[in-house]
Amino acid sequence: MSQKLKLSFKPYTIVLKHTFAISASVRDVTPSVQTELEYDGIVGYGEASLPPYLAETQESVIRFLSKINLSHFNAPFQIEEILNFIDSIEDGNNAAKASVDIALHDLVGKIRGIPLYNFFGLNEPENSFTSYSIGMDSDQMIDRKLDEVGDFKFLKVKLGSSRDKKIIEFIRSKTDLPLYVDVNQGWKDKYEALRMIEWLAGENALLIEQPLSKKQTDEIAWLTSNSPLPIIADESIQRSDEIEKIKDIYSGINIKLMKSTGLHEAFKMMKIAKKKGLKIMLGCMVETSCAVSAAAHLASLADWIDLDGPLLIINDNFKGLTYQNGAIKISDLPGIGVEKISNMI
Ligand code: MG
């Protein structure tokens, strides 16, 4: 009987419920590649989500995954060795690497019969409330999205245009929910940014994500030291080796599996961030319940959670985490805790 690890993958187009607008782009779909890693009849699932503002594409992911030859690994249990080997094939390709990392963790969790939070020595997330995303939209569209918020306790609002104040005033005419504000590098001037942040602090915003371009490091450092709200790095940080250079510039970091190369590195980043006194947001891209369920296992280490990917899409082909009273709830299944809905197109 063959005991070898078998990696397979295929492209999948994630369709959004509403057109999603941020300061850099507008889109209706997000390309992805879904992976399976099989060992001894057990299958682990993974996913690479590929928002267009990042460098990877379905073609680049498939090209990278095609290069991975796991034939010298007889079993999935040497997770670190396997991931280091994959990492050494080529730089970059972070989402592609994440798709294998997630499938590998799912596989090992399933073989051992344990949920991943247990594998990482963590507690099951409890009262882990996630934010619900509102894109940069017309008042009419924001109104429709606010109708869908239900019992979520936090909103994540995308800003970075001349309509910023109008968007917040419109939201405030409808709800008092606390806000996470994500500017996606959309503001240009540190003084204007500070004035806006001071105003937002009075509107019950709790944090500001990536207010200025990642290239404006001196301006961001100034902003962080003067801001009444924590300033969080997203576009400025991908992997653990970058924490050192941003640790004095930002108050915290947004960790996402697609940036970090997966769970192994995301967990490492969380431990380093805690040691350095950085706040942690655990986020996601537009992803199915596969990758978002995987990330949810790390939620007990996060200060803020932004794991609403599956709520934004209409063709989720996995069943996994659920949302209860605005909090994420991990399923009772082992591994990342998902089932594939096989008849989904
Ligand atoms: Mg962001």
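Here are legends for a set of close-up views of this structure.

The model is a predicted one, so keep its rules in mind: local features need pLDDT of at least 70, side-chain atom pairs count only at pLDDT 80 or more, and totals for chains, interfaces and linings use all residues. Residues are numbered from 1 along each chain as its sequence is written, and side-chain values use heavy atoms, with hydrogens and water left out.

View 1. Helices (H or I, at least four residues) and strands (E, at least two) are DSSP runs, numbered from the N terminus. Both Glu209 and Asp234 are buried; that word means under 20% relative accessible area, while exposed means over 50% and partly exposed is in between (1.4 Å probe, protein chains only).

View 2. Ser293 has a relative accessible area of 1%, so it counts as buried. A polar atom of its side chain lies 2.5 Å from the backbone oxygen of Ser289. Leaving aside residues up to four places away in sequence, Ser293 touches Gly320, Leu321, Ile336 and Val338, where contact means heavy atoms within 4.5 Å.

**View 3. Aromatic rings pair up.** Rings of Phe, Tyr and Trp (its six-membered ring) pair if their centres lie within 6.5 Å; planes under 30 degrees apart count as stacked, over 60 as edge-to-face and the rest as tilted. By this rule the count comes to nine aromatic pairs. Take Tyr39 and Phe77: their ring centres are 6.3 Å apart and their planes are at 85 degrees, so the pair is edge-to-face. Tyr39 sits in strand S2 (residues 26-39) and Phe77 in the loop between helix H1 (58-66) and helix H2 (79-89), 38 residues apart. Tyr39 is buried at 9% relative accessibility, but Phe77 is partly exposed at 44%.

**View 4. Phe152 and Tyr323 make a tilted pair.** Their rings are 5.7 Å centre to centre, with 55 degrees between the planes. Phe152 belongs to the loop between helix H5 (139-147) and strand S5 (154-158), and Tyr323 to strand S13 (residues 322-324), so the pair ties together parts that are 171 residues apart in sequence. Phe152 is buried, with a relative accessible area of 9%.

**View 5. Two lysines sit over tryptophan rings.** Lys165 lies over the face of Trp199, 4.9 Å from the ring centre. The charged end of Lys190 is over the ring of Trp222, 4.7 Å from its centre. To count, NZ of Lys or CZ of Arg must be within 6 Å of the ring centre and within 35 degrees of the ring normal.

**View 6. Asn184 has a positive phi without being a glycine.** Its phi is near 45 degrees. Asn184 is in the loop between strand S6 (179-182) and helix H7 (190-201), and at 6% relative accessibility Asn184 counts as buried.

Terms used
A polar contact is a pair of N or O atoms within 3.5 Å; within protein, one must be able to donate a hydrogen and the other to accept it, and residues adjacent in sequence count only if both atoms are side-chain atoms.
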